[in-house]
Amino acid sequence: MGILCQCCNQANATVHLTDIQPSGEPVERHFCESCAASEGITMKPHEPVNLMLEKFVKMAPAVREAAQLTCPNCGISFGEFRAQGLLGCPQDYTEFRELLTPLIERAQDGGERHLGKRPGQPNEHGKRRVRIRSLERQLEEAVSAEAFEDAARLRDELETLRSEGKQ
Amino acid sequence: MSVDDLAGHVGEWLRGTGPLSDIVISSRIRLARNVVGFPFLSRASEDDKKEIYRSLGDALSNAGFGSNSFFVDIENISDVDKQVLVERHLISRQHAEGEGSRGVSVSMNETHALMINEEDHLRMQVLRSGLQLDSLWNEIGEIDDRLAAEIEFAFDDDLGYLTACPTNVGTGLRVSVMLHLPALKITGEIEKVLRSAKDLKLAVRGLFGEGTDAIGDFYQISNQVTLGTSEEEIIETFSSDIIPKIVEYEREAREALSEQRSVQLDDKVWRAYGILENARAMASEETMFFLSHLRLGVSMGRFDQLDIGTINELFLQIQPAHLQKLNGGKLSGEQRSIARANYLRERLGNNN
């Protein structure tokens with residue numbers, strides 16, 4: 001049997017403190033974990049250590065497996081990519097798609113689909129977006145200048161452009 | 001044309017002309033592309049690199065980039081020559097320090113530079129003085145189209161242009177605008193501006209790109225998002241929104257300085273001039289610091305013995321590799337400081 005907590009006198013004391021008094025005299029104090037936490041001496045762990053360990057052990061094989069996934073074309077493993085930040089060949093985007101998607105979304109501020117130029121094709125989407133933004137700015141200016149006829153015309157133009165985009 | 005011929009004059013991006021050129025030093029757009037059928041460079045053998053180098057070289061000449069351009073074989077030039085190209089922003093540091101077959105095709109007026117075997121197989125960039133993103137986009141779009149007619153680039157329907165690093169995937173586009181913001185630095189508001197730029201998912205770097213400090217009060221603002229948005233949208237946000245706003249902040253800071261602290265402002269400008277035209281040994285960083293104050297004085301009309309173009313040129317010529325080219329030989333750090341001070345005294349017209 002160990003020392004009882006000096007606070008609740010029920011549980012075993014597991015936190016032991018030695019305070020040095022101004023006189024230089026050492027004074028020992030003994031608390032159980034929950035009293036130590038409520039006294040503000042220790043922080044309550046968010047998760048019991050055994051649970052954290054268990055999660056870690058369960059996660060490890062999945063991480064190891066992912067790191068070992070290898071592209072049959074260039075031979076790079078996902079782990080190697082993670083270490084150097086550079087992919088080995090264009091096919092990696094297909095081979096590692098599942099693992100790459102969350103990384104790409106994070107790096108690209110949520111972007112997941114290409115909306116830009118395509119080889120050999122004019123980019124209608126981009127041009128329309130730019131036209132919409134420019135009209136929006138003109139509309140704002142027209143409204144603040146109280147040029148309501150212009151504003152109405154601009155609003156109609158914007159609506160047409162926006163509905164074209166949805167087709 | 002060779003690297004030697006470049007060093008004597010000033011490149012396009014420092015000409016000091018174009019819209020907002022008192023504050024916007026230069027605009028740059030680059031596109032990253034990779035050739036179908038080859039691994040990315042981190043997994044490419046030396047033979048692969050040679051083959052990519054040859055294929056892209058052929059595509060360039062078939063697309064008509066042989067005339068009015070010159071080609072530099074980076075693998076086989078001296079370190080000083082590589083550094084000259086870096087200082088002129090024609091190649092990246094990474095390209096200079098890389099290994100194996102690699103090169104760059106530069107237009108005679110230095111408005112475009114097409115790097116082969118950098119981080120991606122091809123990195124095309126176009127440069128202009130001042131804020132001129134729309135014309136740059138037309139220019140680089142045309143270069144891209146001409147090359148795409150000769151060689152196939154790796155492209156995926158969902159993900160767009162495939163790049164070695166997923167942070168470039170999609171458009172492969174990076175817009176970079178170099179700003180000179182000395183007044184915001186003096187008033188201490190620069191941190192606030194840079195923080196809001198970062199909140200907008202923009203990268204802020206120094207004069208020579210990634211990992212360099214903002215010496216001389218130069219700040220390079222670039223987009224980081226390349227997927228889920230079109231090239232035109234990225235460019236439009238820069239030219240109608242982000243850059244005009246920062247320019248406006250800098251102008252307000254300049255106005256506040258001239259209204260509330262005009263003596264201190266003139267003192268900074270004239271001290272800078274005094275040191276630059278009299279010192280006997282100048283390190284590159286302190287030279288940039290003083291040239292920055294002098295540039296502020298010139299662009300605010302408080303100092304009329306020099307023009308912006310000349311100061312921009314000085315910024316370039318005092319860089320280590322340019323200085324060595326001007327002196328016709330390798331110089332130690334101490335010798336460079338002396339050569340730099342001599343050059344500045346000569347250019348600033350003091351014969352003391």
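One definition to start: the expected span of a helix is 1.5 Å times one less than its number of residues. What span should helix 10 of chain B have on that basis, and how far apart are its end C-alpha atoms? This is a predicted model, and the helix covers residues 284-299 of chain B. Its 16 residues should span 22 Å, and the end C-alpha atoms are 22 Å apart, so the two values agree.

Staying with helix 10 of chain B, is it mostly covered or mostly open? It is mostly covered, with 12 of the 16 residues buried. Among them are Met288(B), Phe290(B), Leu291(B), Leu294(B), Leu296(B) and Val298(B). The buried set also includes Thr287(B), Ser292(B), His293(B) and Arg295(B). The elements that cover these residues include strand 8 (173-180), helix 6, helix 9 (262-278), helix 11 (308-317) and helix 13 (333-347) of chain B. After helix 10 of chain B comes Gly301(B), with a positive phi near 70 degrees.

Helix 11 of chain B is part of that cover, and it has buried residues of its own: Ile311(B), Asn312(B), Leu314(B), Phe315(B) and Gln317(B). These pack against helix 10, helix 12 (320-327) and helix 13 of chain B.

Leaving out residues up to four places away in sequence, Leu294(B) touches Val269(B), Ala272(B), Tyr273(B), Leu276(B), Phe303(B) and Ile311(B). Which residues touch the most other members of the largest nonpolar core? They are Val104(B), Val177(B), Leu179(B) and Leu294(B), in a core of 108 residues. The element that gives the most to this core is helix 8 of chain B, residues 231-260, with 8 residues.

Now the layout of chain B. Chain B is divided into domain 1 (3-254) and domain 2 (262-348), and the C-alpha centres of the two domains lie 26 Å apart. Their contact takes 19 residues from domain 1 of chain B and 24 residues from domain 2 of chain B. On the domain 1 side, helix 1 (3-7), helix 3 (79-87) and helix 6 (182-187) of chain B are the elements that give two or more residues. Helix 3 of chain B gives the most to that side, with 4 residues. By type, the domain 1 side divides into 8 nonpolar, 5 polar and 6 charged residues.

Lys201(B) sits between helix 7 (190-199) and strand 9 (202-205) of chain B. Its phi is near 65 degrees, a positive value in a residue other than glycine. Is Lys201(B) buried or exposed? The limit for exposed is 12 or fewer other C-beta atoms within 10 Å, and Lys201(B) has 12, so it counts as exposed.

Next, chain A. It has 7 helices and 2 strands, and along the sequence they follow the pattern β-β-α-α-α-α-α-α-α. Of the 167 residues in chain A, buried residues make up 16%. Among contacts in chain A between residues at least 6 apart in sequence, 24% join residues at least 24 apart.

Cys32(A) lies in the loop between strand 2 (26-31) and helix 1 (33-38) of chain A. It has 20 other C-beta atoms within 10 Å, and is therefore buried. Not counting residues up to four places away in sequence, Cys32(A) touches Cys5(A), Cys8(A), Ala11(A), Asn12(A), Ala13(A) and Thr14(A). From Cys32(A) to Leu135(A), 103 residues apart along the chain, the C-alpha separation is 69 Å.

Asp109(A) is in the loop between helix 5 and helix 6 of chain A. It has a positive phi of about 55 degrees although it is not a glycine. With 13 other C-beta atoms within 10 Å, Asp109(A) is partly exposed.

How many residues does each chain bring to the contact between chains? Chain A brings 33 residues and chain B brings 32 residues. On the chain A side, helix 5 (97-107) and helix 6 (124-144) each supply at least two residues. Helix 6 of chain A gives the most, with 6 residues. The chain A side divides into 14 nonpolar, 12 polar and 7 charged residues.

Last, confidence. The mean pLDDT of chain B is 91, and 97% of its residues reach 70 or more. For the complex, the predictor gives an ipTM of 0.86 and a pTM of 0.79.

Methods: Residues are numbered from 1 along each chain as its sequence is written. Chains are lettered from A and ligands numbered from 1 in the order in which they are written. This is a predicted model: local features need pLDDT of at least 70, side-chain atom pairs count only at pLDDT 80 or more; totals for chains, interfaces and linings use all residues. Two residues are in contact if their C-beta atoms, placed from the backbone, lie within 7 Å. Ala, Val, Leu, Ile, Met, Phe, Trp, Tyr, Cys and Pro count as nonpolar, Asp, Glu, Lys and Arg as charged, and the others, Gly among them, as polar. Domain bounds come from an automatic or database domain assignment. pLDDT is the predictor's confidence in each residue, from 0 to 100. A nonpolar core is a set of buried Ala, Val, Leu, Ile, Met, Phe, Trp, Tyr and Cys residues joined through C-beta atoms within 7 Å.
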